[in-house]
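The exercises below go through a structure step by step. Try each task before reading its solution.

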Amino acid sequence: MSAQSGAAAAVTVRAATRDDMPLVHNMIYELAAHEGVADGPKLSIQDLVSDGFEQSPAWFFVLIAELDGQVAGYALCNRAYSSWTGRAVYVEDLWVSERHRRRGVARALLRALCERCAAEQVTRLDWHVLEDNAPALALYARLGARDLYRSERRLALRLDEPCILAVAAGHLLPSTPPQSGAHIFPRFD
Amino acid sequence: MSNKYKSGEVIVRAATKHDMSAVAEMIQELADYEKMSDGPKLSIKDLVHDGFEKQPPVFFCKVAEKHNENILGYAIYFPVYSTWEGRALMLEDLYVRMNERRRGVGRLLFDAVAKEASATGCCRLDFHVLEWNPACSFYESKGAVNLTNKEQWCYYRLTGDALRDFAKDG
């Protein structure tokens with residue numbers, strides 16, 4: 001394990017409540033600004049509260065990461081379905097606030113998510129990432145995520161069941177430096 | 001030389017659990033078409049449980065039916081969420097049986113899902129399609145935007161005016 005493992009232990013991850021939505025709303029804007037589309041988000045705090053906590057079924061669920069007593073990041077997900085393999089999860093947003101970077105927060109969020117997937121027999125985890133997000137790509141490669149497609153500089157990544165279980169158990173593949181500017185995605189099998 | 005079905009000959013309706021045997025068959029046909037025959041792992045019982053017994057259902061399904069008997073095609077979809085714009089739908093599967101192609105059935109199914117997306121206030125309808133699938137030109141003709149293009153999977157999004165127009169005029 002890397003020298004960051006001690007810092008990673010200080011991160012806690014929990015399910016969000018409706019009271020977290022103002023902070024999540026802030027972080028949604030942080031993420032949009034980071035992607036260069038500061039006016040992208042159109043939802044209000046009340047929209048998030050309504051869609052996440054007042055509708056049945058809820059439209060999404062959120063995991064909150066806390067570090068040093070502060071909210072440090074979030075993962076907003078929805079339940080999905082594969083007609084081949086059944087229950088799946090799609091990660092719409094994964095974000096760590098700038099001041100909490102490089103403390104293992106993203107890794108802790110993904111691990112908690114994979115633990116939840118393993119417990120619920122979810123066998124596929126999908127998300128998208130911008131092609132130029134090098135730190136994110138480096139982490140995702142270590143999860144064993146499979147690069148499925150790319151357009152307009154976005155990548156769709158899939159974590160298959162063996163990798164979900166491995167990540168839930170706390171395993172990561174060794175870091176590999178990018179070759180010719182691109183990450184090769186290794187596999188656990 | 002059009003072999004298109006006349007209006008009313010084929011209807012699209014919500015699937016019931018009794019349709020899952022036909023849907024399971026077509027899921028396998030779709031996998032065979034995509035050259036990934038080993039992909040499907042679910043049984044008919046899994047589909048019945050996930051779509052009709054579990055609360056809330058894990059997916060929704062529409063079928064295209066002729067003469068109250070034959071199921072000609074299906075669509076599987078489920079709700080997703082955009083943190084920028086809110087409620088959305090993902091179209092996971094859209095399939096028409098091989099011997100029923102080019103008769104307008106796919107369009108009826110796609111229309112029905114787009115209409116549902118629009119009627120339920122969804123900001124977008126997302127779906128994936130393999131790059132070599134001739135259906136790409138159909139989706140593009142409806143104003144869908146090609147978001148992704150790698151490893152021969154294409155990610156399409158139908159949104160805003162294009163979605164409303166298609167749901168209205170399809």
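## Exercises on the structure

Chain A has six helices and seven strands, where helices (H or I, at least four residues) and strands (E, at least two) are DSSP runs numbered from the N terminus. The model is predicted, so local features need pLDDT of at least 70 and side-chain atom pairs count only at pLDDT 80 or more, while totals for chains, interfaces and linings use all residues. Residues are numbered from 1 along each chain as its sequence is written, chains are lettered from A and ligands numbered from 1 in the order in which they are written, and side-chain values use heavy atoms, with hydrogens and water left out.

**Exercise 1.** Give the order of the elements in chain A, and state what share of its residues is buried.

*Solution.* Step 1: read from the N terminus; the order is α-β-α-α-β-β-β-α-β-α-β-β-α. Step 2: apply the cut-offs, which are under 20% relative accessible area for buried, over 50% for exposed and partly exposed in between (1.4 Å probe, protein chains only). Of the 189 residues in chain A, 52% are buried.

**Exercise 2.** Which residues of helix α5 in chain A are buried, and which residue follows this helix?

*Solution.* Step 1: helix α5 covers residues 134-143 of chain A, and its buried residues include Ala136(A), Leu137(A), Leu139(A), Tyr140(A), Ala141(A) and Leu143(A). Step 2: after α5(A) comes Gly144(A), with a positive phi near 90 degrees.

**Exercise 3.** How many salt bridges are found over all chains? Describe the one between Asp51(A) and Arg87(B).

*Solution.* Step 1: a salt bridge is a side-chain nitrogen of Lys or Arg within 4 Å of a carboxyl oxygen of Asp or Glu. The search of the whole structure gives 18. Step 2: Asp51(A) and Arg87(B) form a salt bridge with an N to O distance of 2.7 Å. Because Asp51(A) belongs to helix α3 (residues 45-54) of chain A and Arg87(B) to strand β4 of chain B, this pair joins two chains. Step 3: Asp51(A) is buried at 6% relative accessible area, whereas Arg87(B) is partly exposed at 24%.

**Exercise 4.** Where in the chain do the partners Arg103(A) and Asp68(A) lie?

*Solution.* Step 1: the closest N and O atoms of this salt bridge are 3.4 Å apart. Step 2: Arg103(A) sits in the loop between β4 (86-96) and α4 (105-119) of chain A, and Asp68(A) in the loop between β2 (61-67) and β3 (70-82); the pair links distant parts of the chain, 35 residues apart. Step 3: Arg103(A) is partly exposed at 28%, and Asp68(A) is exposed at 56%.

**Exercise 5.** Are Arg103(B) and Glu100(B) buried or exposed?

*Solution.* Step 1: their side chains meet in a salt bridge of 3.8 Å, N to O. Step 2: Arg103(B) is buried, at 19% relative accessibility. Glu100(B) is also buried, at 9%.
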